[in-house]
Amino acid sequence: QVQVVESGGGLVQAGGSLRLSCAASGRTFVRYAMGWFRQAPGKEREFVAAISWNGGSTVYADSVKGRVTISRDNAKNTVYLQINSLKPEDTAVYYCAARQLIGPISSRSSSRDVYDYWGQGTQVTVSS
């Protein structure tokens, strides 16, 4: 089992950047593929990015491709989401999620259903 806690959200102007962090508990973090999702008010939670257990493969949503980078540091039990060129439509609560998977990830990682553990989220607000 793993617990994840997001941080790094805040209020930022359009065009700015943020780096979100997701800290995971436990010694088995390396066994988990990780994902980031977001949920804007009145909308469903949507996929942003995912990364395999060793960082060897990543998947991105088309809506953020080119502006977002997901990475992880297994020594620190942390996964990151760097978001550049922020837009007002990026405003949402960003959630980190974990699924036990050792191996490469695929587009299936964009589905909420494959994740077993979720954090409480961190708010990102982008002003125009």
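Mentor: Happy to! Strand S1 (residues 4-7) and S3 run antiparallel, joined by four bridges. One of the pairs to look for is Val 5, whose bridge partner in S3 is Ala 23. Keep in mind that this is a predicted model.

S3 also pairs with S8, again in the antiparallel sense, over six bridges. Here Leu 18 has Ile 83 of S8 as its bridge partner. Strand S3 (residues 18-24) is largely enclosed by the rest of the structure, because five of its seven residues are buried.

Now to the nonpolar core. The largest one holds 39 residues, and Met 34, Trp 36, Leu 81 and Tyr 94 touch the most other members. At least two residues of this core come from each of several strands, including S3, S8, S9 and strand S4 (32-39). Strand S11 (122-127) is also among these contributors. In soluble globular proteins, nonpolar side chains tend to be buried together.

Finally, follow the chain out of S8. The loop between strand S8 (78-83) and strand S9 (92-100) contains Thr 91. The Thr 91 side chain reaches the backbone oxygen of Pro 88 at 2.9 Å, and a polar atom of that side chain lies 2.9 Å from the backbone nitrogen of Val 126. Leaving aside neighbours within four places in sequence, Thr 91 is in contact with Ala 40, Gln 123, Val 124, Thr 125 and Val 126.

Methods
Residues numbered from 1 in each chain as written. Predicted model: local features only at pLDDT ≥ 70, side-chain atom pairs only at ≥ 80, totals over all residues. Heavy atoms only, no water. Polar contact = N/O pair within 3.5 Å; in protein donor to acceptor, adjacent residues only side chain to side chain. Contact = heavy atoms within 4.5 Å. Buried < 20%, exposed > 50% of the residue type's maximum accessible area, 1.4 Å probe, protein only. Pairing = 2+ DSSP bridges. Core = buried A, V, L, I, M, F, W, Y, C linked by side-chain atoms within 4.5 Å.
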